[in-house]
Amino acid sequence: MKNIPTFVSDLSKKVFPLSDKISGKIIRNPILVLMKKDFPEFTSDQFLSITELNLYRERYISNYLSNEIENLSELKEKISNELKEEDTSVSKIEEEVEIRTFGQMVADKVADFGGSWKFIVLFAVFILLWILANIYILYNRGFDPYPFILLNLILSCLAALQAPIIMMSQNRQEEKDRDRARKDYLINLKSELEIRMLHEKLDHLIQNQQEELIEIQKIQIEMMNDILSRIGK
């Protein structure tokens, strides 16, 4: 029986057929880095077997796929946690408690009541009762006979007091509208910045994935060429 020529691999110090001997110079850099983690003394000037090289090629591809699955799982968990927290800029702004002084609260209540149908109906009933009481019940000899000078005075005083109070409430509403517009601007600005950062991250991720996929394709092509060369022999 003819002895098969062998050689000792510089990587694992094991014996392999001489036909499997290859130079470390043809090893791609990512595979070489992976080998150096297990065998730090190995260099590209040394020799190893094609079996060992294929083993590390498979390990490199397996590590890449495992990392991708882990990254996707972490991303999914992070997104789920953020959705559960509901801690957004909009919710923070809406939860802010407005601090009002006593005068501001009175102005708001007067403006709300004075601008409602309830006030109009009640005031119309009050004026009608006033007129009827002085004309038909007291026969124009009451406390405010026709032409109702006291009623006109009350209406004038009411209008004089009500107008500035309503204007105070409107001014506060304008301040609130300006503050809300400023907050909306900040939210839109933050959203724009986050979208821009997200685009940059996606571009970076796609670029890295493309480089990794190209590297894996090259490794797979090398493995196929090795298999074809063995079949040819």
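**Note on salt bridges and the nonpolar core**

1. Lys-183 and Asp-179 are joined through their side chains by a salt bridge, with 3.2 Å from N to O. The term salt bridge here means a side-chain nitrogen of Lys or Arg within 4 Å of a carboxyl oxygen of Asp or Glu. Lys-183 and Asp-179 stand four residues apart in helix α6, so about one helical turn separates them. Helices are DSSP runs (H or I, at least four residues), numbered from the N terminus.

2. This is a predicted model, in which local features need pLDDT of at least 70, side-chain atom pairs count only at pLDDT 80 or more, and totals for chains, interfaces and linings use all residues. Residues are numbered from 1 along each chain as its sequence is written, and side-chain values use heavy atoms, with hydrogens and water left out.

3. Asp-179 also forms a salt bridge with Arg-182, where the closest N and O atoms are 2.9 Å apart. Both residues belong to helix α6 (residues 149-232) and are three residues apart, about one turn of the helix.

4. Arg-182 is partly exposed at 45% relative accessibility, and Asp-179 is partly exposed at 28%. Buried stands for under 20% relative accessible area, exposed for over 50%, and partly exposed for values in between (1.4 Å probe, protein chains only).

5. The structure has four salt bridges in total. One of them pairs Asp-38 with Arg-59, their closest N and O atoms lying 2.6 Å apart. Asp-38 is in helix α1 (residues 29-38) and Arg-59 in helix α2 (residues 50-85), so this pair ties together parts 21 residues apart in sequence. Asp-38 is partly exposed, at 39% relative accessibility, and Arg-59 is partly exposed too, at 32%.

6. The largest nonpolar core contains 18 residues, and those with the most contacts inside it include Ile-27, Ile-31, Met-35 and Phe-42. A nonpolar core is a set of buried Ala, Val, Leu, Ile, Met, Phe, Trp, Tyr and Cys residues joined through side-chain atoms within 4.5 Å. Two or more residues of this core come from each of α1, α2 and α6. Helix α2 gives the largest share, six residues.

7. Which residues does Ile-27 contact, leaving aside its neighbours within four places in sequence? They are Leu-32, Met-35, Phe-42, Leu-48 and Leu-53, contact meaning heavy atoms within 4.5 Å.
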